[in-house]
Amino acid sequence: MFSLSIEGFEIPPEWVSLSKDLQDGRIIFVLGASDTGKTTLIKFLIDGFVKSGKKVAFVDSDIGQSSISVPTAISSALVSSVDDIKSPRVHSLFFIGSTSPPGNLLQMAVGLKKTVEAALLAKPDLVLVDTTGFIHGATALELKYQKVSLVQPTHIVAIQREKEVEPILGSVRASFDNLKILRLKPGSSVIGRSLDERQANRERRFAQYFSRARKLKIKIGDVLLRRGPFGVGLPISDLKLYELSKTTGLDLLYGEEGNEEVVLVARSMGHSDSLLNKIQSYLKKRFVRVINQSELEGTIVGLGIRAQGGFVSGLGIILGVEEGIVNVFTPVMDSSKIGVLIFGSLKISTSGKETGKSTFY
Ligand SMILES: Nc1ncnc2c1ncn2[C@@H]1O[C@H](COP(=O)(O)OP(=O)(O)OP(=O)(O)O)[C@@H](O)[C@H]1O
Ligand SMILES: [Mg+2]
């Protein structure tokens, strides 16, 4: 049932015995540093399990080197036939907004939990979870620990060159009793990739994802803006924004007002310190932030589905903001189900090239 070659190399005998040890697995995490063969092992396992008649959910929480969908999101697919193995259909997408976990730990943990939960609703025989190579250091340990605590996998497969995953394994073993831990060494001929190759790989994924995108106009009043600079307070009414524009001389396109802070999006540059002071005393706020709309251009965003907490119908790239409208480059066709626009921290071009980090994050 488990084939003897994949991607042109021979399957290590340990992989075949591992697949036997995982027969009673329900939720399996594969952990390991970058380029240890995590994704290839998962593909091998999916292939074998599906051919033996099982329905497998594949949860791809590698937001950098994604294999099912697009970087910056956690995705899942259900695989129950040989056709699904060749081209898995995306079942859910949870937007993170960055290609690496630091700065997004909460979203990574919640996103994984929610994605596994959503996958389990389809009653798969088992769930295989691919992860990022973020395993070194206290932050990585804490993230993996909390993910295990939330999702409660039945098995962890650790692929390690030496003992690099042991600190994580030690910490989860001490807290979770029924967890089975299985260890593997990477195949001797695993090919490492440079940072440039990793970036090129992500850019290929982005280009592919956005190849069918077009401009979608989203009414600002119809959506909630989240993350990045937004979410500090409630949207400022059109009337108040108009008054504020008149008082300040700024052409304001959007604003939010919290208890102590205010965030404004202006059409063009030119806000001096004295202007910020003027807004501060006019609105009686301690913190004032004015963002030029051009600063938002190129930002990757998630188009959140109304009432589906965190899941998105797709990703987009901010093209610009105009009167009451955000223009987004996206393959999502229908804006009617979009209730939330989630701002990521990565900027990319419409052809998928990574152009930097958002300045406002
Ligand atoms: N057992 C093996 N023998 C030979 N080559 C392998 C083996 N396992 C994986 N490879 C090759 O090594 C490369 C890296 O493997 P893979 O992408 O599965 O690693 P990964 O741990 O998922 O990496 P990443 O951190 O980038 O997600 C791939 O080109 C793959 O084909
Ligand atoms: Mg991988």
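Author: Strands pair when DSSP finds at least two bridges between them; strands (E, at least two residues) and helices (H or I, at least four) are DSSP runs numbered from the N terminus. Residues are numbered from 1 along each chain as its sequence is written, with chains lettered from A and ligands numbered from 1 in written order. This is a predicted model, where local features need pLDDT of at least 70, side-chain atom pairs count only at pLDDT 80 or more, and totals for chains, interfaces and linings use all residues.

Reader: In which sense do strand 3 and strand 7 pair?

Author: Happy to start there: V30 stands opposite D130 in strand 7. Strand 3 (27-32) and strand 7 (126-130) share 4 bridges, and their pairing sense is parallel.

Reader: Which strands stand at the edges of the sheet?

Author: The open, mixed sheet has 7 strands in the order 6-5-4-7-3-8-9. Each edge strand has a single partner, so one side is left without a neighbour in the sheet; these are strand 6 (90-95) and strand 9 (180-184).

Reader: At about what angle does helix 2 run to strand 7?

Author: Helix 2 lies across strands 3, 4, 5, 7 and 8, contact meaning C-beta atoms, placed from the backbone, within 7 Å. Axes are fitted to C-alpha atoms, for helices over the stretch in contact, and angles between N-to-C directions run from 0 to 180 degrees. For helix 2 and strand 7 the value is about 165 degrees.

Reader: Which element gives the largest share of the shell around ligand 1?

Author: Here a residue is near if its C-beta, placed from the backbone, lies within 6 Å. Of the 18 residues around ligand 1, S34, G37, T39, T40 and G187 come nearest. The largest share, 3 residues, comes from helix 2 (38-51).

Conventions. Contact = placed C-beta atoms within 7 Å.
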